Every structure is written in structure tokens, then in C-alpha cells.
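Student: Could we walk through this model together, a few questions at a time?
Tutor: Gladly, let's look at it first.

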Amino acid sequence: MPERSQQQQPSRSPQPPPPRSPQHPAPAPSPPAPSPAHATLARSFDAVAAQYAAARPGYPPALFGAIEELAGQPLAGARVLDVGAGTGIATALLTARGARVTAVEPGAAMAAELRAAHPGTPLVRALGDALPFSDDAGFDLVGYAQAWHWTDPARSVPEAMRVLRPGGALALWWNVPDPDVDWAAEQEARIARRLPGYHEHGVAPEAPDLIRGLGLGLHPVCRVLHWTRRIPLDTHLAMLGSRSYFSAIGPEAAAPVLADERTALLDVFPDGIVEEAYALDVTVTLRPPASS
């Protein structure tokens with residue numbers, strides 16, 4: 001990875017602030033702007049659907065190998081429900097593994113992108129908290145790619161168990177900026193300082209405990225994979241802009257933050273090619289087999 005260049009600043013003697021009379025005390029700092037509500041963030045993706053489809057990362061083959069191992073079944077021929085399917089990024093990759101995929105997506109613009117890219121995939125407009133399938137739907141796998149944190153676990157997990165066949169699997173996975181890669185961790189901290197509440201709704205590491213805490217007798221297992229992709233800086237910035245927080249605050253508020261990120265990243269990647277680094281959290285939970 002390119003080393004960060006060190007820019008020398010001219011030495012300068014600190015200047016004390018001008019005195020202020022007691023009659024004119026220093027103004028209190030402005031409070032940070034409130035972060036968008038969870039429901040607002042969840043509904044924000046339709047505003048950036050095309051950008052999301054073009055700039056978001058996919059998933060490495062190792063993810064699907066891990067899902068097959070933890071679920072104890074191959075994806076080839078499996079009936080898979082891709083919930084919160086968005087523009088169909090995971091839908092396409094699951095189909096390429098031979099799965100028979102049904103997509104579930106609540107957002108109109110996101111669903112339109114999915115239909116355009118994957119016209120042969122059955123698509124249902126619905127929420128993960130209320131899946132419109134019968135108790136005997138018998139899916140082999142219910143998957144949430146980058147989406148489960150928008151649900152209420154107390155509703156979405158029982159819904160997944162209801163539509164799975166006995167022994168079927170619920171799989172949750174997220175691409176998360178790799179905290180062990182310095183520039184990625186620095187970027188996340190930098191944006192969080194700038195945007196109060198940024199990424200406060202992420203639940204990837206806590207997913208197993210959340211599922212165990214529901215009292216349903218489930219035993220999730222988890223794994224973390226690491227992978228990278230190399231993309232132009234403009235694509236990376238578009239990827240950032242497709243995140244819920246940026247889409248919720250709108251392009252005018254997002255523009256100065258993304259402009260500062262461009263400046264910071266050109267210091268790390270002067271050739272304009274960013275090597276994004278991801279920690280890919282995956283949690284798999286089996287539906288208990290039917291009692292004999």
C-alpha cells in the first residue's frame with residue numbers, strides 16, 4: 001500500500017486569542033446536527049439506486065463457500081430467498097452459484113434496478129419483518145446481504161425460521177471497512193467525526209448475540225473473511241455516497257464531506273486507484289430439524 005506522504009508545515013509561533021470582555025463571553029459551540037432516524041436511513045436508498053448498483057462492492061467466492069460450509073448444503077439447486085435484495089448484487093452471485101433465487105425488496109427504485117438487471121429473477125416487494133410466504137414455503141436458505149440491520153430481529157428471525165425448511169439456514173453478511181487496515185479505519189473515524197451518528201446502526205459483529213438473545217434456542221455461527229478490490233477514486237466516492245447516511249442527508253450536505261475525502265485519499269493513493277479493504281462478517285443460523 002502506498003505510504004502516506006508527510007507534508008511539512010511552516011513553523012509558526014502560536015498567537016493567543018484576543019481578550020474578550022466578561023460582557024461578551026465566547027459563544028457556545030453549535031450542537032451537532034441530529035443524525036437521521038433509523039427509519040429514514042432505511043428508506044433512503046431509493047434516492048441513490050443507480051449509484052448503488054454501479055458503485056457498491058460485490059462479494060468474493062470465499063463468502064459463498066463459507067455459507068455452504070456453515071449451512072451444510074450446496075447452493076447449487078438450493079431455493080434461496082434473498083431478502084433486502086436491493087439492486088440484485090447478491091442475487092446475481094447466488095444465481096451464478098446455481099441457486100434458484102427469489103428476491104425480496106421493499107424499495108421501488110432499488111427493485112426497478114434489480115428488475116432491469118435480472119429480469120428472470122422472481123421479485124417480491126416486501127419487508128423482511130413480514131415475509132409474504134406460507135409456513136410451508138420450504139426455502140433452503142434465507143439470506144440477507146447488507147440488509148439485516150434494517151429489520152427488527154425479534155420479527156425477522158422468526159419470519160426466516162417460519163419460511164425455511166427444517167434444517168435450512170438463515171445467512172446474514174456484511175462488507176465492513178476493514179478496521180485492521182489503517183487508511184480504512186482512519187476514513188471511518190474521520191467521517192464519524194464529521195457526521196454524528198454515522199454507522200451507528202451497524203450490527204454485523206453483534207448479530208450472533210442478537211440472535212441468541214431472542215430465546216428461540218438458535219445457535220448462530222460466524223466467520224470473518226478479508227478481501228480487497230481496486231477501483232478508481234471516483235467509484236469509491238460514489239460508493240460512499242450510496243451509503244444510507246449520505247443518501248439521507250442529501251447531495252448538498254454530502255458534497256463537502258466527499259470532497260474532503262477525495263483530498264485525503266489522494267494522499268494515500270496518489271495514482272487515483274483505491275484498494276478498498278473489507279472485513280466480511282457472515283453469520284449462519286440453522287433452523288432446527290423437524291422432531292421425529
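Student: Which residues in helix α4 (residues 89–96) are buried?
Tutor: Two notes to begin: this is a predicted model, where local features need pLDDT of at least 70, side-chain atom pairs count only at pLDDT 80 or more, and totals for chains, interfaces and linings use all residues. Residues are numbered from 1 along each chain as its sequence is written, and side-chain values use heavy atoms, with hydrogens and water left out. Helices (H or I, at least four residues) and strands (E, at least two) are DSSP runs numbered from the N terminus, and buried means under 20% relative accessible area (1.4 Å probe, protein chains only). In α4, the buried residues are I89, A90, T91 and L94.

Student: Is G168 buried or exposed?
Tutor: G168 lies in strand β5 (residues 164–177). Contact means heavy atoms within 4.5 Å, and, leaving out residues up to four places away in sequence, G168 touches Q73, D140, T285, L286 and R287. Its relative accessible area is 0%, so G168 is buried.

Student: Which residues touch the most other members of the largest nonpolar core?
Tutor: Such a core is a set of buried Ala, Val, Leu, Ile, Met, Phe, Trp, Tyr and Cys residues joined through side-chain atoms within 4.5 Å. The largest one has 53 residues. The residues touching the most other members are Y59, L63, W173 and F246.

Student: How are helix α7 (residues 182–194) and α11 oriented to each other?
Tutor: Axes are lines fitted to C-alpha atoms, for helices over the stretch in contact, and angles run from 0 to 180 degrees between N-to-C directions. The α7 and α11 axes are 11 Å apart, at an angle of about 155°. Angles over 145 degrees count as roughly antiparallel, under 35 as roughly parallel, 65 to 115 as roughly perpendicular and the rest as oblique. Therefore α7 and α11 are roughly antiparallel.

Student: What about helix α9 (residues 233–241) and helix α11 (residues 251–268)?
Tutor: Their axes come within 11 Å and cross at roughly 140°. That makes α9 oblique to α11.

Student: Which residues of α9 make the contact with α11?
Tutor: On the α11 side are L258, E261, R262, L265 and L266. On the α9 side are L233, D234, H236, L237, L240 and G241.

Terms used. Buried < 20%, exposed > 50% of the residue type's maximum accessible area, 1.4 Å probe, protein only.
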